[in-house]
Structures are given as C-alpha cells and as structure tokens.
Amino acid sequence: MIKAILIFNNHGKPRLSKFYEHYSEDTEQQIIRETFHLVSKRDENVCNFLEGGLLIGGSDNKLIYRHYATLYFVFCVDSSESELGILDLIQVFVETLDKCFENVCELDLIFHVDKVHNILAEMVMGGMVLETNMNEIITQIDAQNKMEKSEAGIAGAPARAVSAVKNMNLPEMPRNINIGDISIKVPNLPSFK
Amino acid sequence: MALKIVKGSIDRMFDKNLQDLVRGIRNHKEDEAKYISTCIDEIKQELKQDNIAVKANAVCKLTYLQMLGYDVSWAAFNIVEVMSSSKFTYKRIGYLAASQCFHEGTDVIMLTTNQIRKDLSSPNQYDTGVALTGLSCFVTPDLARDLANDIMTLMSHTKPYIRKKAVLIMYKVFLKYPESLRPAFPRLKEKLEDPDPGVQSAAVNVICELARRNPKNYLSLAPLFFKLMTSSTNNWVLIKIIKLFGALTPLEPRLGKKLIEPLTNLIHSTSAMSLLYECVNTVIAVLISLSSGMPNHSASIQLCVQKLRILIEDSDQNLKYLGLLAMSKILKTHPKSVQSHKDLILQCLDDKDESIRLRALDLLYGMVSKKNLMEIVKKLMLHVDKAEGTTYRDELLTKIIDICSQNNYQYITNFEWYISILVELTRLEGTRHGHLIASQMLDVAIRVKAIRGFAVAQMAMLLDNAHLLTGNTQRNGICEVLYAAAWICGEFSEHLEDPMHTLEAMLRPKVATLPGHIQAVYVQNAAKLFATVLRKQEGAPDSQAAQETSQLLIDRLPLFVQSANLEVQERASCILQLVKYIQKLQQKDVEVAEEVSALFAGELNPVAPKAQKKVPVPEGLDLDAWINDPPSESESEDEKPKAVFAKEEPKHTRPRHPEVDEKELARRREARKQEQANNPFYIKSSPSSQKVYQDAPGVEHIPVVQIDLSVPLKVPGMPMSDQYVKLEEERRQKERAEKKKKEKKKKREKRGRGKKGDSGPESEEDITPAHQVDIVTEEMPENALPSDDDDKDPNDPHKALDIDLDKPLMDSEKLPVRTHRPEVLKSPAEDGDGEPAQAEPKKRSSKEKKEKKKDKDKDRKKSKEEKKKKKHKRDAEPEEPVEEQMEEPVQSEASAEVAAPPTSTPTEASDLDFWLSNAPVLSANQEVEPTPPETTSTPETTSAAAPESEPEEPKDTEPEETKSSKHKKKKQKKEKEDKEKKKKKRHHHHHHHSDGAGDESVQNGTVEEEEPLPPMSNYCLLAENSYIKMVCDIQGNLQDGSQVVVSVIFENKSDCFLKSMEFNVLDSLNSKLQRPEGAGPHDGLTVPFQLPPGVSNEARFVFSVQSIVMPQKLKGTLTFIVKSEDSSTHEKLDFKLHFTCTSYLITTPCYSDAYAKLLESGDLKASSLKLEGVNMPFHHLLARICFHHHFSVVERIDSCASMYSRSIQGHHVCLLVKTSGETVSIDAKCDEPSLLGNVLEEIKQTFSRC
C-alpha cells in the first residue's frame, strides 16, 4: 500500500499532497516538513530509500523518493510494495506529467495542482497502484479533458479567454523539471508496461 | 436561460480562480496568512451563491488551501453540493475536495450515500470512475455496507476502466466492512483471470494485500497464482505475486519446493532488476521456510548470495541498499553464507549514505563471532565518535549493545572489556538510550558474578565523576546510567576498594538535581554502603571513624528528606532515623555493623522478564471475585497507587535475554576446561539456591590501576576498551601457544600410537573466555507455563479480515441490498438489486470455467498423471462434510467435472495438496516400485491407511503419506498373493489394530522358528456386480459398548465413473445404522467419495447394537450413479451384512495370573468344541484364532495354549486350545453361554473352511 504521495520543492513548499490515510491538517503539514527535512539533507547520489519518519506509520514504512530539478517526489509505502517498482512508478508519473503539460515544470504543478491530482488518480487509487501503463493513463486523462471541454462549451469560452490573458505574464520563466537527463540511474525495467 | 448562463460566466470571469489564488499568494509572500484569510472570506461568499460553477471554483480553491494546511472541513456541505452537480467538471472538483478532506468523522458523509450510488451507476464511465476514486479515499463503514453490493456489480462492468477501479476499491470496502469479504470473494477471484491486464493486476493487488495480513486463508489460491506467475508478462503483477508467495511459503513448505525452480529461472532470465530482486527475496523466504532444508538448496542460497553481492557492489546506491536489505534476511537462517561477505559489509559501513550504513549495521549483528566481536565493536566505536547526527549515533549505540548482548552474551569472551565499552558509551551526549546502557550494566553485574569486582570499581568511578555526566542539562538521557552505577555500588559494596569515598560521592548536594527515581536509588544504596563502611570501620581500632560516617549521613540526608519526590523523601527520612538511632548506639559503644548489614543481606536473583505472567492461575482462583463484600465507594479512594521500589525495579525492567544456549555454552566450556582442576559449577539457579558463590580466576588481575584518573574532563576508564583488545589478543595468542604445546604433546603421543593428528586453524570454539564467566539464568517460577503469549495488536484493522473463505456462503451473509429510499433510484441501479440472486449461478459457472481450464492444463500433462490427480481428488473428498454432499443437487450434466458443491473450496484445498505434493509423490512412486516388501499388499493395508480417509481426520497434515498409501492400495490387488511375509512387520506399526495384536502375542509365546503364515484377511465379500465390489470388515468399538464399526471397501470395477453412492441398511430392532442428526430412519448414508474407474476406497459406517449374544444379518442396498462418457444410469446393489458374534469381540491382552483368577471365580460357564482334521501348525492355528476371532494368547506351553478375549459389553471369553495330531480340542468358558456357543460355532466354521 502507498500511504502518502508528496511533492514539494527544494524549499519544502508543498506542491501536491495526497494522503491515503486520514491525518489532521496540522499533522499533514508536520509530515510534509519532516519528510522534507529527511529528504533534503541527502546527497544527490545516495540511495532513494529512507526509513520512514516518526509521524507516518511505523517501522514497516519506507520513503521512496526521486529528485527532479526543483522538485522532490516522495512516496511513502509499506513493505508490500516493491521498492524498485515504486521508483519506476515515480518515473512513469513524471513522464506522464511531462506529456500532459508538455515539458512539465514546477509552475505547472503550482498552478494546476487539480490537474496533477487527476492524473495521479488514474495511477494510484486509494493507496493501490491502479495503472502503470503511460499510454493508458494519458488516454483516460485526454478523454476526461475532452468531456470537460465539451461541457464548458460556449459558456466556458470567455473564462478561458480571460484565463489565457491572465496567464500571459507569469511571474517567472518556467523551470523545467527536466525529464530528459535524469541523473539518477533508472533501474532497467523494460517490460514495465 | 442562455443569457443567464452567459451572464453567470461573465460574472465568473472576474472571480478569482485557482490560478489567481496561487498567484496572489505568491505575490503576498510577506503577509501570506492575511491574504489567505481574505481569500477564505471571498470563498465563503462564493459558496453562498446559487451558481454551481462559482461554488465549484470556490471548492477548487479550498482544496488548494487544504494542501497548505488550512482546515476546510467547514465547507464539507458545499463540497457535497459540488459533488452532486450533474456536470463532470464540477463533480470531479467536488470528489477531489472530498477525497482530500473527508474522513470517518465527517458527518455530512452520510448524505453522500445516494449521490455516490447514483454516480456509480451513471452511464458515463468517468462519473463512475471519479466516484470510485473519491470513495476509495473516504469510504466509511456505513458507506462500505451500503455500497458494497453496487461496487460488486461494477466488478463485472463491461468497461475494463470501471472494472479495475471497482476491483481495487473492494479492498477498502473489505477493510471497513469485513462481512463483505466472503460474498465478494468468488468474484474477486474470478477477476484474477480477467482478459484485461489492468483488471487482472488490480485483482492481484487486492488479493496480495489481503493475503499479506492473513496468508493462511489464501493458500488455496496458490495454484492459480502459480499459473499466473508462469504465464504473466506484466512485471507489476509478477512482483506482486512473487511477494505474495513470499508470504505464503512459511505456511506451506511444499509450496516453497515447488517455487524454487521457476523463481530460479526467473532470476536467471529477467533483465528487470526489480523483478530479480523480488525473486531473490522470495527464494530467501522459501529457503527460510525450508531451513531444515534439502542439500540441493545450498545452490539456491549461493545463487541468491551471489546475486545480492552483485547488487551490493553495484554503483547504484539503490541496488546496494536493497542488496543489504535482502542479505539481512538470509542472515537469519544461513549466517554462514553471509559471513563470507564480511569484507563487503564492513565496507558498506563506511558508505556516505546513512540508509546504507544502517542496513550494514543490521547485518553486522549476525556476523560477529567470538573472534571478531572486539574488532567489530572497536570499529563501531570509531563510527560513534565520527557520527554527526544523533539518530545515527543512537542507532550505533543500540546496535553495539544488541551485538554484544545477543544470545545471552554468547560472543563476549571478556566482560571487563564489555563493561569498559559500556562506560565509554556513557560519554555520548544527548543520547536517548541512557536507560539501555544502564540496564546492560545492571544485567552484566548481576548475572556475571566474576565481573562484579571490576564493575563496581568502574561504577564507583562513574559516581565520582557524575558531574561530567550531568553537568549539561541536555545530557539528561545519559544520567540514567547513574541509576545503575549507584545500585551496583550499593548492592555489591563488598567489592569496593574505598566505600567511604563512594559514599561521599553519592551524598553530594549535586545529586539533588538528578531525576527523582535516581535519587531514590542513591539514598537506598547510600544506606547499603553505610552498612559496608560500618563493618570495615568497626573492625578497625579507630572507632571514631564509624561515628564520623554516621554523622556524614546525618548531615547530608536532610537534603533528600526535603525532596519533592515522594519516593526519595520517604526513603531518606526512614534512613535518616535509622542512622540517628545507630549513632546513639555507637555512642554507647555498641557494635551495630552486623545488624545494619543484616538489613541488606541476601542475594537478589535475576528474574525472567515474563516470569510473573507465566505463573498459571491456580485452579479455582478467581482474581476478579470479591474476597469480602464490595466496600463502599469512599473506601476505594484509600487504595494507594502501586508503588514499586525503585531498588527492585531492575529485576523487572531488564531486557530479556533468550535463555537458550546456556547449557550448551557451559557444556563446551566445561569440556574445554576439563584439564583445569577446579571445574566451575554451572549454576542453574533455582529459586531455592540462593547464594552460590564461585571462585572466579582472573578477577585479581583486573587492571584497574591503568585508569588515568588525572585526565581532566574525561570520564575515567574511557580509553580502556582498546587496551582490552590488545590484552585479549595477547591472551589468546598465549593460549594458542599453550594449546599448540599440548597438541604437540598429543601429537607425539598420537604418533606413537600411529594416529594422525591435525591442527586446523583456530576455530570459534577454541577461544576461551578470559574469566570463567558464569551467567546466572533468569529465574522462572517453578510452574511457569512454557508458552509465550501472542501479543497481537487487537486494534489491527486487518484482524477483522481474518475470515475463512473456504466455508460455504450462508444466506445471511449476502451483501445487504438497499431496500429503502427507492425514489432516488433509476433503472440501472435496479440491476444491482437483482444481483445477489444472480450471483450464485454465476459463481458456479465461473467455477466450471475454471475447472475446464484446469482440465486443459491437465491434458498437457501425461495422462498417467491426470489419472492420479483425479484419483487423488476423489480420495480427498471424504473430507467434505457430509451435509455438503447431501446438499449437492443431483446434476445430470457436468457433474463429473464439477464434483464440488457450490462452495468448492474443500476440494480446492485438496487440489492444493495434490498440486503441492505432485513432485515429491512422483519420486515416492519410484521409490515404492523397486521395493515391493514395503508395499504390503493384504487388504489390511487399506484398513491401516483408513484413518487417513476418515472424515474427521485433518487431511492436509500428511498428504504425501496418504498418497503413498493410496499407491499401496492400488498395488495390493496385483501383488496380493506373494507378500504375506512382511505382514507382521507392518503389524508392528499398527498394533493398535486388533489383528496385529494377536500376532504379536503369538510371537511372545513361541520359541520355535516360525513358518510363514498364510495370508489372512478379515475382509469378506459383501456384494458384487459388474460395476462395483464391496468387501467389509466388522469391528466392535472399544469406546462404546453398543457400537460396531463396519469398514466397507468399495471398488469400482467398471470403466465408468461412480458417484452419488448411497449406503442404506434396513434396521432391525437390535441393530441400527447410525445416521446423522436430522436424517430419517430410512434414509441412506451418502458415501463420502466418488470412484473413478479402477479405484477403490473405504468408508466406515457405525451401527448401534443392543444385544450381542446372537449373530444377526441386516439387509442393505447401495445405490449409485454410473457416469460414462455420454450417459449416466442409476444402479443398485443389494447386500447382506452379517454381524457375527466374533465381531463383537475385541482383542484384549490378559496376564496369566488375572486369567487364572478369572477361571477360578466360577462365574463362567463352560463349553467345548472338538475340531478334526485340522492340518496346520499349531502356531498357525493360534494365529488364525487370534486374527479372525480377536483373541490374544495368554500363555502357550508346547501344544497347549490359553487365550482370552472380551466382548464390547465386557463379557470374558476364555479358551484353552489343545492339539494332538489333527485333532484340536477347545475348552471354553464365558459368562454368557449363548455368546460362547456362537463364537465356538464361528471358530468351527473358520477351520472347516480350510
């Protein structure tokens, strides 16, 4: 089981948090802080597994994370998940984000956290891995987006226009998460499709 | 209308959307909280509007704020509103918000039930999908109960997208509503073979998750998973399955044997590291479960270790980490194979990655030996010095202690060294593990008597330098050590060099800053020390000193009397008064030392940690019962909280140490030290053996002098452990040298005797401890119960899911179908209503499908095997409860295939047995054939093997045996004639059977050489036709005087399949067939198995009999269905069951004196019989009587023998058999003449037949 999925940046600012067990808002923030504290002090070329923090679930749990440019993707899992499998899942997740957002960067996650949630929901459901095939995930996401668009129809058009105008001058240049050259060697998982 | 929409959306244009909110927050970095609170106000306004789009937008923003840590539960109702929007866009926003902030305590959740149900049955698959996703996050027991049925319906949805989500969410439903597991399980199982890989993967996922917690309930799925494992190409699925097998193998070692090969193949073939790693992991689990192990498994271990080494050596830190992790699993059972990679692991200890270092530390635990313990600990101590973070350092500390104390200090050869290590560890600042060090100090000092002198010296030093430990308030954790130090110094004060000094140290004013429980120990032990000091001083000429000591206490103790801590205060004032009194006595020149020390006399023995728990509650003692009448409420307040004196605490709080190996250790030590004259006692202390002292060599040379006390700001005694390493090295070398000398001597001697001597490298066992260490065992109460209680967490949610999935489904267990609030429902939902009704036939059809698939599989195998499988299946089926068999409807078609009743699981269990025992049985087969003597082939074999097929026998324990016995059965027909010789041998094995006992007693009586006995069988033909043959044996039941057990062997003579056999007997007044409760007096009994062609099996029927003096006959009928390829007919076979009087007799041994008494008593009526023309050796004659008529030989003299038997109702039957030539005369006595007459008649018949 996956207990939680956290995305935060190099400064510990949460970009997405998904807990599959209920915690109070305060505890959630504490977990995020603690996790960031654990993860951020680790060097780039050390292993991607961590014995879980104190807050999130006990000795059975592990933190499995990957660091892409400015973002940490952290999965907290118990012993029923394969460590390398989860690493691969993170990779699939990021690649999917990359496809959906076209060169994903931290800003995409900042402004479209709902979309990220929707993508994640197609991969992990209630803490269990639902789909690992990227094409399948993207197909479903696209179909849902199409539905959304058709529902908005004419009524949605003005809002979209305004939003496009608003987005024209984003305060920062997008910084890519940079999928292309991940420095971490991905274990060879050719048939994970 | 359209205008309104447009207007709405134009309004909305200028509302803040999520992007605006985020942007705003980023632009208000300095007053973020304030900005957000204004935003929340805006959101509240938006939520009040009617426009759903505005509400959805607000909820969307709230979801973001929730992530930032703001409580948004106040908007729960609005979230529900947005969820129930008909537009997917808003619905999705609503469900997302709900999944982020709803939980079991959210009260509006109960409003969602119908909405969710509606969404689940929506024609739009994404509505359903989004509802399922949301539900998976916030499902509550109520929701689970109400929606379980709907979700179950979705598991068979046409769209795989929905199916896989429905399958996955079932796990959450099971967790919240465990009653749903059994009804939903068949369908879930079905989904394991879903055509869509996603659905299949989801089903595997769920079952793996379930099985991980309660593996035993899922063992029956092993064959299915095995098939998936060998056929699937999806690595996710493979990994899950392989992990699952890892959880199952400990329960079923045979599974492991079966797995090894495919897993090894996968290890060799896969290129995916994750898969490889999981395979290795599971192979390890298998090897652990087979740890007794077959020899060829060493290859598998080698393969694993070798693969893991590759992982550990890899530059990828992840692989390194995992390699170490898996290695630690091997370590538990195969430490040898890991130990050879010590270099690699020590290397990892230096890794820059903490995770890896921690893993390497775990491994070290198993790598230590007597030889390298000091070296490894030294290395760890270096790491302790270098360690930057406290977490890692604390981890190191606990590991050092774990490593040293493991297995009752198995690897410690020098306890002085260990004490100095512990003292060195006290130097750690801010550690949380002060108490751990303290308890180790206490444990060692108490249990290793030889070390006490040294320990006391060290502890005195610690006390003296207590200010160094406590100086910094941050170091609070470590001051626990002082607790141990004070106690040790007090308790073993006789070892102190300068008790006065220590006493002073313990009474320093600074002590008052220590935590209360430590102060209490200080005070108490100051008193102990005082006693010791007095004793020393009173012996001395200067009596003034003693009084000064008392004065010291009187001066210092008031400080503690004022303590805020109750315990300290109480003790201090008590002791203060005591000392004052002593001082008075001293002033009168009274010698008090003896009496004072008597206060603290007696040795404290260590008590095992669970000792108290293990004392069984005496019979009749009810601890909850009131001794007196319950007191009034007010009185109960007077009860004091349980105050345990801190002094006694160490006994209870010490860590537990496994008590194994102690004897073993002592034995080895003893053996080694045999040359040395004073053989140490090995003290296995019992509660009564209080003070057993022992001279320990080597205590005198303790190098206390080497401690440099003058070094400032260093806890003295610190750098010593290193010296010990050197010392120990020297000592060992010396010892080795001595040994070599001795060995040389021996060699010479040996050479003299012409024997070869070899001196291999120094082995583990050769290192002798520096001290003759005697580790006192922990005490246990005399009548302690050996069992350990299972400390399972009662709150584990998975406990509720420990459900037997093999039982048939009751009507009451069906998922609740909603019957109320029907107005909300639309037609698609109504389909769900009909579901449970459909579920049954569907389930069955799926099973049929599965069976067919299985058969296809079978086809691939050799036909011979197939036959066996079928046979086995049939054989196993007697396990099924009889009622189930009766329930089974007579199916004309496909019933041969679907032999199982609707639930099918018992069959599956036996299928599992077959599946598992497959390979081993084949080999057993080969073994059997070349050694025919083993397969004794008289029909008794069947009766011997019969208990295995008895319905109440738990089958799965010995399936292989069953299998082989079946083999015997099969063969017995062919080889019937030529194997009588070995019968007796076999009878030894089964001499609980009456027939065997007779033979034995014959052997007892004989001196002459035995001629082989002709084959004998008690089974007689009951009835026969072209389909079936029935033979039977009738035996009395010893336990019940009115029961007779009839064992009937049914043999299928046709080449058709026989099923639905029903055995019925027309009861007489005297004898009745025992039928299960509820059955009518004329109902037949279902024979609990079916017969494939050529197979025979045995069933037992119990009859109750009233009078046993007369033989009787019962008429009966067997009905059965003959099923051939294309037809099935109903057949019937009549038989007559003959209850002879012999069958009421039970072989009972009798001693000759008892026999003589019986004959003398005169209660018995006599009768006699003469047989002419009996042409057989006398012992054959006796054997026949014994065997066929259940007698035993009491005495035999030449051609005369006395025999005895007893009826099930307790009649004695005595025979005196004499033979001369071909005439045999039998004089008989019995207390029931008609019974005797009948028995004699039957004996006559037996002999007239031959």
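Leu50(A) has Leu63(A) as its bridge partner in β4(A). This is a predicted model, in which local features need pLDDT of at least 70 and side-chain atom pairs count only at pLDDT 80 or more, while totals for chains, interfaces and linings use all residues. Residues are numbered from 1 along each chain as its sequence is written, chains are lettered from A and ligands numbered from 1 in the order in which they are written, and side-chain values use heavy atoms, with hydrogens and water left out.

Back to chain A. β3(A) and strand β4 (residues 62–68) run antiparallel and are joined by 3 bridges. Strands here are DSSP E runs of at least two residues, helices are H or I runs of at least four, and both are numbered from the N terminus; two strands pair if DSSP finds at least two bridges between them. The pair sits in an open sheet of 5 strands with antiparallel pairing, ordered β2-β1-β5-β4-β3 in chain A. At its edges are β2 (14–19) and β3 (49–51) of chain A, each pairing on one side only. Direction ignored, neighbouring strands of this sheet are turned by 20° against each other on average.

Chain B has an open sheet too, this one of 4 strands in the order β6-β4-β8-β9, again with antiparallel pairing. Its edge strands, β6 (1085–1086) and β9 (1128–1139) of chain B, each pair on one side only. Between β4 (residues 1057–1065) and β6(B) there are 2 bridges, and the two strands run antiparallel. Phe1063(B) is the residue opposite Leu1085(B) in β6(B).

Further along chain B come two hairpins. Strands β13 (residues 1200–1207) and β14 (residues 1212–1220) of chain B run antiparallel, joined by 7 bridges, with Met1203(B) opposite Leu1215(B) in β14(B). The hairpin leaves 4 residues between β13(B) and β14(B), and Gly1210(B) in the turn has a positive phi of about 90°. β14(B) is then joined by 8 bridges to the antiparallel strand β15 (residues 1223–1230) of chain B. Ser1220(B) has Thr1223(B) as its bridge partner in β15(B). With 2 residues between the strands, the hairpin of β14(B) and β15(B) has Gly1221(B) at a positive phi near 60°.

Now for the helices. Two packed helices are described by the angle between their axes and the distance between the axes. For α5 (residues 76–83) and α6 (residues 88–101) of chain B, the axes come within 7 Å and cross at roughly 145°. These axes are lines fitted to C-alpha atoms over the stretch in contact, with angles running from 0 to 180 degrees between N-to-C directions. Ile79(B), Val82(B) and Met83(B) of α5(B) meet residues of α6(B) including Tyr90(B), Gly94(B) and Cys101(B), where contact means heavy atoms within 4.5 Å.

In α18 (residues 317–333) of chain B, 14 of the 17 residues are buried, that is, under 20% relative accessible area with a 1.4 Å probe and protein chains only (exposed is over 50%, partly exposed in between). At the start of α18(B), a side-chain oxygen of Asp316(B) comes within 2.8 Å of the backbone nitrogen of Asn318(B).

Ser439(B), in helix α25 (residues 434–447) of chain B, counts as buried because its relative accessibility is 11%. Its side chain reaches the backbone oxygen of Leu436(B) at 2.9 Å. Gln537(B) lies in helix α30 (residues 516–539) of chain B and is buried at 14% relative accessibility. The side chain of Gln537(B) makes a polar contact with the side chain of Thr549(B) at 2.7 Å; such a contact is a pair of N or O atoms within 3.5 Å, where within protein one must be able to donate a hydrogen and the other to accept it, and residues adjacent in sequence count only if both atoms are side-chain atoms.
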